[in-house]
Amino acid sequence: MRSRKNRLWICFLTGAITLGSWGCGEPPPLETTYVPDDDAPVDPAGFTSASEATRAAHAQVKASLDLQDPQDLFDAERGLIARPGKLRIEDDEGRVLWDLGHYQFLEGDFQEDDAPATVNPSLWRQAKLNHQIGLYRVSDRIYQLRGFDLANMTLIRGQSGWIVVDPLTAEQTARAAFAFAMEHLGSEHGSAVGDEAAPISAVIFTHSHADHFAGVLGLISAEEATGKRIPIIAPGGFLAEATSENILAGPTMARRSMFMFGPRLPRGPRGHVDSGLGKAPAYGKLGILPPTDVITSTPERRRIDGLEFIFQNAPGSEAPAELTFHVPELKAFCGAEVVSRTQHNLYTLRGAQVRDALAWSAYIDEMIRLYADAEIYFGSHHWPIWGRARILDFLEKQRDVYKFIHDQTVRLSLQGFTPDEIAETLELPEELRSSFSVRGYYGTVKHNARAVYQRFFGWFDGNPAHLDPLPAAQSAAKYVELLGGADRVLKEGRAAYDRGEYRWAAELLNHLVFAHPENAEARESLAQVYDQLGYQAESAAWRDTYLTGALELRHGPPETGFDQKQAIDLARHAPVERFLDAMAARLDAEAATGLDMTVNLTFTDLRRSFVLRLERSVLHHRELPPDPEADAGLEITFDLYLRLNMGTAGLKDTLFSDQLDVDGSRIALLRFMRLFDKPSGTFAIVTPD
Ligand SMILES: [Zn+2]
C-alpha cells in the first residue's frame, strides 16, 4: 500500500516551486559555441544570415550613437587585479553551470565594425562590456568579482574579515568566485580560503532576486553562520519574498523565462550574446540564509565589522524587498539593482507583476540626496562609476527614465491613446536617448510604457472589439481562409519579409502557423522573420525572445522543464501556506465537479496541521487541528513533503519511511490526490499546441 500511496503523492506535489525571480529555464545551454561565418546562409541550428534590411538597421544604429565612447570600457576595465584564464564550473554530476569559453566570441576590445551583422551594434557593445571578467579593485577596501555569474559579488574589507555583498545565484559559482578572490587578495590582506585570519564577517543581501543571494551556502553553511554569529543583513520582507515569490506561478514563469533568458540558445552571434545585465544566470544549486538583521526604514545606520553603513530601504522598487547602502568612510555607495547601467524592466517578459515606476524613480531621487558625498558608485550588476559629477549624472538619468515613461504614458492615455499606440509613439528625449546607461538593453521604452498602462488600466484598452476576441487559433483559421488560403498567406508573408517589414510579416505568418501548425514552410518562414527581429533588437531580452521563438519553430518546445531539485534549500524557508496555495491552483476543476471532501494534512516536524476543504471545485486550507470527520488524513514531515516535491526523494527512499502516515480512508485520499495537475513547464508558445 505504501508504494501506491507514495507514487500518488509525488504526482500531487510535483511542480509546486521554481526558483527566484529571474525565473529559470532548462539546464545549461548547448556546451559548444560556434561562430558561423556572417555570410553562411544557415547555421547548424537553423539560424539564417542577416538580411539587407537588418544590415541597414544596424548602420542606422551606428550612425545615431557614439558607440566608440571609451568611458564605459575604461570604467569596466579599471582596477583589474586578475582574470581567470579558464572559468568552467560544474556541479557534482558534471553538468556545466558556467563556462566563459561559451562567450569567447566576445573577446577583444569593442570596435563598432567588429559587430557581426547578426547583432545590434549597441547590444554588441553592452555584451562586450559585460564580458569584462575578473577580480577588480573598486577602491582600497572594496573589490568586485564580475563575470562569475549573472550578477556581481562585492567584497568589502572590514576590521576582521570580509563583508560579502550579494553572493551570486549558485553555490558553485559563489564558491569559485570567492576562492578566486582569496587566491589573489591573500598576500595583500593576509587571507586565504578557510584562513581564520580573514573569515567572512558579514553578508548583505541587497534584494530578494535569486541572482543576489542564492549562492550563499557556497561560502558559509547555516551552522557556521549561526555558530560564529555572522550578521546576515537584508531588506524588510526579504525571506518571504525570496523564497515564495514564484511558488504559485513558478512553472509558467519558468517556461516563459526560457524565452527571455535564452537558455536553449547556442552562444554566439546568431544566438545568445548577453542578457543586458550580464551574461546569464548560473543554473546551479540554490540556497539561502535567513537574515539576522532587517532594514525597514531610511536611513538606518549599522556598524558592521568596524565600518559604518547607512541603509536605504527601497521596497517595491526593482524588487519587492530591496536595499541600497552607503559606507561614508569609504566614500562609496552600493545602488543594488535600483540603478544599473541599462534601462531596467517595469515589466519583465517572463511574466511578473508590473513594478511601480513612480516609486522606483522616487527611490533614486532619495538616493541622490542620501549619497551626495559619495565618490564611488558600485552596483549589483555592471561596472562602477568614479567621481561625484558623473555619479550624479548617472543617477539623475536613471531617475528620469522611469519617471518620463510613467508620466508620458499617463499623459498619452489621457488623450485616448491605447498601449499599442503609446508604445509606438513614445520616444525618450535626446539627453536620455544618447545615454548608454538608460538604453534598453534589458527593459525597453516600448514594453515599459505598456507596463505603466497596464498598472493603471489593466489588460483591456476599452475598445469593445478587444473585450472578447476569438482565441488565436480560431481567428487565425478565419484570417487565412479570408486571405485566400495558406499558399497566399505564405506568399504575402514572404513578400513582407523581402521588403523588411518584419513586424507585419510576423503577424501574417503567425496567423498561418496558428491555423496550420503542421505546415513546415510556414513555420520556417516565421522563424526567419524572428531571426531578423532578434538580430535587430537592442534589448537582449527581446533578442532571446525572438531567437528562442525561431528555435522552437524549428525544433519544438523543450522535453523537460526546470529541474526543481536545485531549489530545495531555498524552499525549506518558504512559508508552508504558499505550497498549499500552489496546490489549490493545480486543482483540476472539472475532475473535482460535485466533490465535497475534507482532508487533514499534518506536518509532524513543524507540529502544524491544516484542514483542506474541497467544495464547488475550490480547495481551501485552514490551519486547524485535524477534523475528526475528515474523509482522510495524511501525516508527513515538511522535509519529506519538499523532497518529494523536488524529486530528491523517490519511491525507494520513502517506501519504508516513518515520515509519512495515512489516516482514514486510503481510497478517499487516493481520489483526492488524483485531482491535481502536474505542470511540466514545457507548454507550446509559438504554436497552438
Ligand atoms: Zn539581478
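Q: What makes two residues count as being in contact?
A: Two residues are in contact if their C-beta atoms, placed from the backbone, lie within 7 Å. The structure is a predicted model, in which local features need pLDDT of at least 70 and side-chain atom pairs count only at pLDDT 80 or more, while totals for chains, interfaces and linings use all residues. Residues are numbered from 1 along each chain as its sequence is written.

Q: With which residues is Ile230 in contact, leaving aside its neighbours within four places in sequence?
A: Ile200, Ser201, Ala202, Val203, Ile220 and Ala225 are in contact with Ile230 once those neighbours are set aside. Ser201 is 29 residues from Ile230 in sequence, yet their C-alpha atoms are 5.9 Å apart. Ile230 itself lies in the loop between α6 (222–227) and β9 (232–235); helices (H or I, at least four residues) and strands (E, at least two) are DSSP runs, numbered from the N terminus.

Q: Why is Ile230 called buried?
A: A residue is buried if 20 or more other C-beta atoms lie within 10 Å of its own, exposed if 12 or fewer, and partly exposed in between, with C-beta atoms placed from the backbone. Ile230 has 20 such atoms within 10 Å, and is therefore buried.

Q: Why is Leu307 called partly exposed?
A: Leu307 has 19 other C-beta atoms within 10 Å, so it is partly exposed. Leu307 lies in strand β12 (residues 307–313). Beyond its neighbours within four places in sequence, Leu307 is in contact with Gly158, Val327 and Glu329. Gln159 is 148 residues away from Leu307 in sequence, and their C-alpha atoms are 7.6 Å apart.

Q: What is noted about the phi angles of Asp166 and Arg607, and is each residue buried or exposed?
A: Asp166 has a positive phi of about 65° although it is not a glycine. Its place is the loop between β7 (162–165) and α5 (171–189), and 30 other C-beta atoms within 10 Å make Asp166 buried. Arg607, also not a glycine, has a positive phi near 55° and sits in the loop between β17 (597–603) and β18 (608–615). Since Arg607 has 7 C-beta neighbours inside 10 Å, it counts as exposed.

Q: What kind of peptide bond joins Thr298 and Pro299?
A: The bond between Thr298 and Pro299 is cis, with omega about -15°. Pro299 is found in the loop between β10 (293–295) and β11 (300–304).

Q: Which residues of the largest nonpolar core touch the most other members?
A: A nonpolar core is a set of buried Ala, Val, Leu, Ile, Met, Phe, Trp, Tyr and Cys residues joined through C-beta atoms within 7 Å. Of the 183 residues in the largest one, Ala177 and Val203 touch the most other members. Helix α16 (residues 502–515) gives this core its largest share, 9 residues. Leaving aside neighbours within four places in sequence, Val203 is in contact with Val164, Pro167, Val216, Ile230, Ile232 and Leu289.

Q: Why is helix α4 described as largely enclosed?
A: In helix α4 (residues 121–129), 9 of the 9 residues are buried, so the rest of the structure largely encloses the helix. What covers the buried residues of α4 includes α2 (52–64), α3 (71–77) and α18 (540–555).

Q: How do you know that the span of helix α10 agrees with expectation?
A: The 27 residues of α10 (residues 388–414) should span 39 Å, and the end C-alpha atoms are 39 Å apart, which agrees. Just after α10, Gly416 takes a positive phi of about 95°.

Q: How are α2 and α17 oriented, and why is that term used?
A: Axes are lines fitted to C-alpha atoms, for helices over the stretch in contact, and angles run from 0 to 180 degrees between N-to-C directions. α2 and α17 (residues 520–536) pack at about 10°, with their axes 10 Å apart. Angles under 35 degrees count as roughly parallel, over 145 as roughly antiparallel, 65 to 115 as roughly perpendicular and the rest as oblique. The two helices, α2 and α17, are therefore roughly parallel to each other. Ala53, Thr54 and Ala57 of α2 make the contact with Gln532, Tyr535 and Gln536 of α17.

Notes. The expected span of a helix is 1.5 Å times one less than its number of residues.
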